[in-house]
Amino acid sequence: MDFNLTDEQQLLRDGITRFLGSRYNLEASRAAAKTGAGWQPEIWRALASELGILGATLPEEVGGIGGGATELMIIAEALGHALVIEPYVDAVVVAGGLLHRAGGPTANGVLEQLIAGTAVVALAATEADSGERWQDATTLARPDGDGWVLSGGKIMVLGAPLATHLLITARIEGTDGLSLFLVDSDAPGVQTHPYRTIDDRSAADIAFDGVRLAGTALLGEPGGAWPSVARARDEGAAAICAEAVGCMRKVLADTVEYCKQRQQFGQPIGSFQVLQHRMVDMYMEVEQSVAAVYLAVLNLDADQATRARAVSAAKATIGRAARMIGQQSVQLHGGMGMTEELAIGHYFKRLTAIQYEFGTTDSHIARYAELTKP
């Protein structure tokens, strides 16, 4: 199988790499996360207007470029390498994919704004009682004349404090199945409780206290949202696996460089064979992770069972590798590895968080085992 990039895909990778290398500063992004708005809106707009990557994987009819899963992998890996905190995966891959599959004037209108960089969309699917089982949502949508009244709550909604719109999974009163609603983030009755995650992302718990919605807020068929939501979750998992590869490549390179410079007993610690073995093990984990990401990305358009197996295999592989590489890199850096001043500590936090997003390592191992039972 040919894994070489086309000329256009290589140009995409080179363009993102140059942009992030010259315009994205780790210190500035962390300052924005801790003391500012939680992100850099000007970077988000530049990703749309200068690079066009917010629409790179979305269809041309809504202003996108029409790329596919390979373009998604290239973008996510580059963003991971630079440790970008702007919500590309949550807003574009997950929410953008849901809007595209829902179709219709309401969804397409928001999708066009998302591609232009003037809107941010977050999916609110996790609840306190259902946890990782998004399909067991208890948030309720009650018919009210020509519209709806939404009640319930969501937890750990990544990107919600930055979002202009929310996609809410809910059950329509008196019916089975999961439905999807589009809600303005500042709509009356939407109560957002924001916080910063361990890896400097923005997230929130959200309560819906009798939120009144127009009839057009329902996207797609009533009770028919779960197949699209399940696909969005797998696409999000594949994207953060690619992001993790970018993080791990950077962590490995920085660790090797540090071991060449750090002196102990009159010589670089990288000359000690036992530490060389550790770095070789880290390299092997990175290469296995790359192969696992290819497996997931190349099966995103396959049937549901094939896609789920490939994504779970990748997520489990990435989870193991992220843990091993993150811990080894911090240990090889010594006490400096966990300081705020050194980049390695920030990458370690992100690699730790990735192990739990879109399903934990253990849950994906369990899903893979279930899907491969004879």
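A: Let us begin with Glu 285, which counts as buried because its relative accessibility is 14% (buried means under 20% relative accessible area, exposed over 50% and partly exposed in between, with a 1.4 Å probe and protein chains only). The model is a predicted one, in which local features need pLDDT of at least 70 and side-chain atom pairs count only at pLDDT 80 or more, while totals for chains, interfaces and linings use all residues. Residues are numbered from 1 along each chain as its sequence is written, and side-chain values use heavy atoms, with hydrogens and water left out.

Glu 285 has a charged partner, Arg 320, and the closest N and O atoms of this salt bridge are 3.1 Å apart (a side-chain nitrogen of Lys or Arg within 4 Å of a carboxyl oxygen of Asp or Glu). Glu 285 belongs to helix 8 and Arg 320 to helix 9, so the pair ties together parts that are 35 residues apart in sequence (helices, H or I of at least four residues, and strands, E of at least two, are DSSP runs numbered from the N terminus). Arg 320 has a relative accessible area of 40%, and it is therefore partly exposed. Elsewhere, salt bridges with shared partners join Asp 199, Arg 201, Glu 243, Arg 350 and Glu 357 into one network.

Side chains of opposite charge can pair when their charged atoms come close. In total, the structure holds 22 salt bridges. One of them links Arg 23 and Glu 50, whose closest N and O atoms are 2.9 Å apart. Arg 23 lies in helix 1 (residues 7-23) and Glu 50 in helix 3 (residues 41-51), so this pair ties together parts that are 27 residues apart in sequence. With a relative accessible area of 39%, Arg 23 is partly exposed.

A further salt bridge joins the side chains of Asp 234 and Arg 307, at 2.9 Å from N to O. Here Asp 234 sits in helix 7 (residues 226-261) and Arg 307 in helix 9 (residues 304-333), so the pair ties together parts that are 73 residues apart in sequence. Asp 234 and Arg 307 are both buried.

Helix 9 also contains Ala 322, which counts as buried because its relative accessibility is 1%. Leaving aside neighbours within four places in sequence, Ala 322 is in contact with Met 248, Leu 351 and Gln 355 (heavy atoms within 4.5 Å). Between Ala 322 and Tyr 368 there are 46 residues of sequence separation, and the C-alpha atoms of the two are 19 Å apart in space.

The wider setting comes from the record. An unreviewed UniProt entry lists residues 231-369 as "domain: Acyl-CoA dehydrogenase/oxidase C-terminal"; UniProt positions follow the numbering used here, feature names are shortened, and annotations may be inferred rather than shown by experiment. That span is 78% helix and 3% strand, and its end C-alpha atoms lie 19 Å apart. The unreviewed entry also lists residues 6-84 under "domain: Acyl-CoA dehydrogenase/oxidase N-terminal". Residues 6-84 are 65% helix and 0% strand, with end C-alpha atoms 25 Å apart.

Finally, Ser 179 provides an example from a strand, namely strand 5 (residues 179-184). Ser 179 counts as buried because its relative accessibility is 0%. Apart from neighbours within four places in sequence, Ser 179 is in contact with Ile 168, Thr 169, Ala 170, Ile 172, Leu 218, Pro 222, Gly 223 and Ala 225.
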